[in-house]
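The sequence and model come first.

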Amino acid sequence: MTVHATSDTVRIAGCRSCGAAGLQQVLDLGRTPLADRLLTATDLDEPEPRFPLVLVFCPSCALVQIDETVAPEVLFGDDYPYFSSFSDALLRHSAENVAELAAARGLGSGSTVVEIASNDGYLLRNYVARGIGVLGIDPASGPAAAAEAVGVPTRVAFFGARLATELRGEGIRADVIHANNVLAHVADTNGFVAGLHTLLAEDGVAVLEVPYLRDLIEHNEFDTIYHEHLCYFGVTSLDALFRRHGLHLNDARRLAIHGGSLRLFVERRERARPAVDDLLDAERSVGMDRFSYYAGFAARVRDTMAELRELLVRLAAGGARIAAYGASAKGATLLNSSGIDPRLIEFVVDRNVHKQGRWMPGVHLPIAAPQRLLDDQPSHALLLTWNFKAEILAQQAEYIRRGGRFIVPIPRPEVV
């Protein structure tokens, strides 16, 4: 793959998966700050780097991707603020996944489960509780330390072909590999998948979860696009990617989590269940393998941005005080690309204590604990983490009882 490098970024000239040239632009969100690099007080007066955020389509293998790569050491350093265990819904989702796999695969004390991007041990701790051997792999030392504290041994490293070879040399072969919401984050897409093949036991299964491209496009989830998310997958592009490395997509499920996701079951031997062909056929029928499917996305995104800003301006003009809920990466994309700043939003709240006391990138909104919604009682809260809408509305029942209203921005802005 030919690249053109700058200081902290690399612009690709060919597809991240198949290497083909001729990538076609789907959406340009301009130059935006890094969505998960929350600011400290001393950062506020310093220049904040911004990077191009352009979504493109590969007509050769149908992979949708951004055309700029920010160095992973910049994106996922020691200060990485995402800790999975602050979401009750994600904890339930993970526990159910583990229970199903442990039973279906007959896992026991002699089994080995590896999770790539294991974060704070949110998933693997469920295997530990069953006496099943685990290894977490994560490049961020903060979440990795939290995982070790709950009994999940963790290797602080980026996963790829080299690390997989090292682990195999240490005698580690995985009966199950989990990789949830990480494949899209990896600059060396082919090296990552080659590493899965190396680390996976002969009869093992790799279980991956990725946001589903069809949901992103059809539900207007443009805020899912940020520099950490290099790729946006459909089954068509995934099937080609896995086959290139001697792996086979044998089952796939659509999930509601994160605004629409896929759970993928990948093995060395081909024995595909009907669900895979059904999804491939459905993608062909709607045209996901052709650029025409994506051609109107940019216009829909611009319309949504304009509607949201107009709604906030109208509410503020009528005397509304507006906060936001969820200091998320998708929230950073939404706020920065839509031109929403402290003139419209007063502050952001988030349950993650590692984010409290920081500021949102670009827009410099302060982040507080959710209690501030009750202390200040703004009339409205923009729900930046709309993908956990049901969970958050339930948690904030008292705020709502006192008259607070939530603004849900995606797929189109509405007040609930």
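## Aromatic pairs

There are six aromatic pairs in this structure, counting rings of Phe, Tyr and Trp (its six-membered ring) with centres within 6.5 Å; planes under 30 degrees apart are stacked, over 60 edge-to-face, and the rest tilted. One of them joins F57 and F291. That pair is tilted, with 6.3 Å centre to centre and 45° between the planes.

F57 sits in strand β4 (residues 50–57) and F291 in the loop between α9 (274–286) and α10 (297–317), so the pair ties together parts 234 residues apart in sequence. Helices (H or I, at least four residues) and strands (E, at least two) are DSSP runs, numbered from the N terminus. F57 is buried at 1% relative accessibility, whereas F291 is partly exposed at 27%. Buried means under 20% relative accessible area, exposed over 50%, partly exposed in between (1.4 Å probe, protein chains only).

F57 also pairs with Y294. This pair is tilted too: 5.0 Å centre to centre, 35° between the planes. Y294 lies in the loop between α9 and α10, so its pair with F57 of strand β4 ties together parts 237 residues apart in sequence. Y294 is buried, at 1% relative accessibility. F57, F291, Y293 and Y294 make up one aromatic cluster.

## Basis of the model

The model is predicted: local features need pLDDT of at least 70, side-chain atom pairs count only at pLDDT 80 or more, and totals for chains, interfaces and linings use all residues. Residues are numbered from 1 along each chain as its sequence is written, and side-chain values use heavy atoms, with hydrogens and water left out.

## Charges over rings

K330 lies over the face of W386, 5.4 Å from the ring centre. R372 is placed over the face of F347, at 3.8 Å from the ring centre. The criterion is NZ of Lys or CZ of Arg within 6 Å of the ring centre and within 35 degrees of the ring normal.

## Cavities

How many cavities of 30 Å³ or more does the structure hold? It holds four. A cavity is a set of points on a 1 Å grid over the protein atoms alone where a 1.4 Å probe fits but cannot get out; lining residues have an atom within 4 Å of a point. Volume is the space filled by probe spheres set on the points, which are joined across faces, edges and corners.

The largest cavity has a volume of about 60 Å³. Its lining includes A184, H229 and F233. Helix α7 (213–218) and strand β12 (231–232) are the elements that give two or more residues to this lining. The lining residues of the largest cavity are eight nonpolar, two polar and no charged.

Note on methods. On a 1 Å grid over the protein atoms alone, a cavity is a set of points where a 1.4 Å probe fits but cannot get out, and a pocket is an open set with protein on both sides within 12 Å along at least five of seven lines; lining residues have an atom within 4 Å of a point. Ala, Val, Leu, Ile, Met, Phe, Trp, Tyr, Cys and Pro count as nonpolar, Asp, Glu, Lys and Arg as charged, and the others, Gly among them, as polar.
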